[in-house]
Amino acid sequence: MARIEIDSNSGFCFGVVTAIQKAEEELRRSGSLMCLGDIVHNASEVERLRRLGLRTITHEDLKNLNDTTVLLRAHGEPPSTYRLLRSRNITVVDATCPVVLRLQQRIKEAYDKAAAEVARGERQLMPIFIIYGKEGHAEVNGLVGQTDGEAVVIQNAAQLDGLDTTRDWLLYSQTTMSLEGFREIVEEIKMRHGEEGFEYFDSICRQVATRSVKMREFAATHSAVVFVTGAKSSNGKVLLEECRKVNPRTYAVTEASEVSAIDLSDAETIGICGATSTPAWLMEEVAEMIERKMDGSKGDGE
């Protein structure tokens, strides 16, 4: 029978662990809680928490709520969300990841400082705030909100076209972006803008950034890999491709039942890994399902 191994470096990052712990604590205390957006991009974990009393709501739903409690997930929120929550007398359980929170504060301080300098006549023009990240992503929305919506979001160098090079540029990054991609953007800006009047801040979470290297190492040591990820997880898409770069026999599943469609009969070793939004219990379920499938196949052959 094939040897099955779960990657010890896979699964929830620190920010997600903390958010889920806060949700569970509040659910034990009150029995119900609302979360602004999916607490994590994994449908199985969202469903587990729903059964405990966690209800996912949207920003539109907030406008019809009063005098209740809402959890803000690890991705963070823009200042406008906090203002709305205060106006509706909503108690906040703030689970913003500390890494994201520090980045928000850094951008806010830089923006407010520049605005004050312009107001005093010490600076002629506001710098251009650039966020290397995914347009519309919850974390990015929170970062852009620190600049009153003025920051420019880019995912590639082509999106720098048309930006005013006579103004200062300040570059930040969504915490879960590729470190290699960020460095490429830095070098591109240096060529286009020059180093004078350009500052960049490496705000990428190392716990997430190092996952790619560790994931490739893990995937390369197994005959086949089963990658467990939610359909909405952008981190999952990135890490899945990292696995496939070194191991073409990498299969993606969202839940344990999908293992039945995968042919692992000739694999000597099977690695199971997942995204930063993949719960450990789900990877364990996948491992158990593979074991049962292998046992069944062995029985059929005897």
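**Reading contacts and spaces in a predicted model**

Biologist: Why does Phe201 count as buried?

Modeller: This is a predicted model, and in it Phe201 has a relative accessibility of 19%. Buried means under 20%, so Phe201 is counted as buried.

Biologist: What makes Arg216 partly exposed?

Modeller: Arg216 stands at 28% relative accessibility.

Biologist: Is Glu242 buried or exposed?

Modeller: Glu242 is buried, because its relative accessible area is 10% and the class takes values under 20%.

Biologist: How do you know that Arg216 and Glu242 form a salt bridge?

Modeller: Their closest N and O atoms are 2.3 Å apart. A salt bridge needs the nitrogen within 4 Å of the carboxyl oxygen, so this pair qualifies. The pair links distant parts of the chain: Arg216 is in helix α9 (residues 211–220) and Glu242 in helix α10 (residues 234–246), 26 residues apart.

Biologist: Why is the contact between Glu5 and Arg3 called a salt bridge?

Modeller: The N to O distance between these side chains is 3.6 Å. The limit is 4 Å, so the contact counts. Glu5 has a relative accessible area of 31% and Arg3 one of 44%. Both values fall between 20% and 50%, so each residue is partly exposed.

Biologist: What makes Asp202 and Arg206 a salt bridge?

Modeller: Here the closest N and O atoms are 2.5 Å apart, and that is within the 4 Å limit. Asp202, with a relative accessible area of 34%, is partly exposed. Arg206, at 39%, is also in the partly exposed class.

Biologist: How many salt bridges does the structure hold, and which residues form a network?

Modeller: There are 21 salt bridges. Lys113, Glu117, Arg123 and Asp168 are linked in a network of them.

Biologist: How many aromatic pairs are there, and why is the pair of Tyr132 and Phe182 called tilted?

Modeller: The structure has six aromatic pairs. The ring centres of Tyr132 and Phe182 lie 6.3 Å apart, with the planes at 40 degrees. Pairing requires centres within 6.5 Å, and stacked needs under 30 degrees while edge-to-face needs over 60, so this pair is tilted. It also links distant parts of the chain: Tyr132 is in strand β6 (residues 128–132) and Phe182 in helix α7 (residues 179–193), 50 residues apart.

Biologist: Are Tyr132 and Phe182 buried or exposed?

Modeller: Tyr132 has a relative accessible area of 6%, and is buried. Phe182 is at 2% relative accessibility and is buried too.

Biologist: What makes the pair of Tyr172 and Phe201 stacked?

Modeller: The ring centres are 4.7 Å apart and the planes stand at 10 degrees. Under 30 degrees counts as stacked, so that is the class of this pair. Tyr172 is in strand β8 (residues 169–173), whereas Phe201 is in the loop between β9 (198–200) and α8 (206–209), 29 residues apart. Tyr172 has 0% relative accessibility, so it counts as buried. Tyr172 and Phe201 are also members of one aromatic cluster with Tyr111 and Phe129.

Biologist: How many cavities of 30 Å³ or more does a search of the whole structure find?

Modeller: The search finds one. The volume of the largest cavity is about 360 Å³. It is lined by 25 residues, and those closest to its centre are Cys13, Val16, His75, Thr176 and Thr276.

Biologist: Which residues lie nearest the centre of the largest pocket?

Modeller: They are Ser178, Leu179, Ser212, Val238 and Glu242, among the 18 residues of its lining. The pocket has a volume of about 440 Å³. Helix α10 gives the most to the lining, with five residues. By class, the lining holds seven nonpolar, five polar and six charged residues.

Biologist: What lines the second largest pocket?

Modeller: Its lining has 13 residues, with Lys113, Arg123, Pro127, Leu170 and Glu199 nearest the centre. The volume is about 150 Å³. Helix α5 gives the most, with four residues. Lys113 and Arg123 also belong to the salt-bridge network.

Notes: Residues are numbered from 1 along each chain as its sequence is written. This is a predicted model: local features need pLDDT of at least 70, side-chain atom pairs count only at pLDDT 80 or more; totals for chains, interfaces and linings use all residues. Side-chain values use heavy atoms; hydrogens and water are left out. Buried means under 20% relative accessible area, exposed over 50%, partly exposed in between (1.4 Å probe, protein chains only). Helices (H or I, at least four residues) and strands (E, at least two) are DSSP runs, numbered from the N terminus. On a 1 Å grid over the protein atoms alone, a cavity is a set of points where a 1.4 Å probe fits but cannot get out, and a pocket is an open set with protein on both sides within 12 Å along at least five of seven lines; lining residues have an atom within 4 Å of a point. Grid points are joined across faces, edges and corners, and a volume is the space filled by probe spheres set on the points. Ala, Val, Leu, Ile, Met, Phe, Trp, Tyr, Cys and Pro count as nonpolar, Asp, Glu, Lys and Arg as charged, and the others, Gly among them, as polar.
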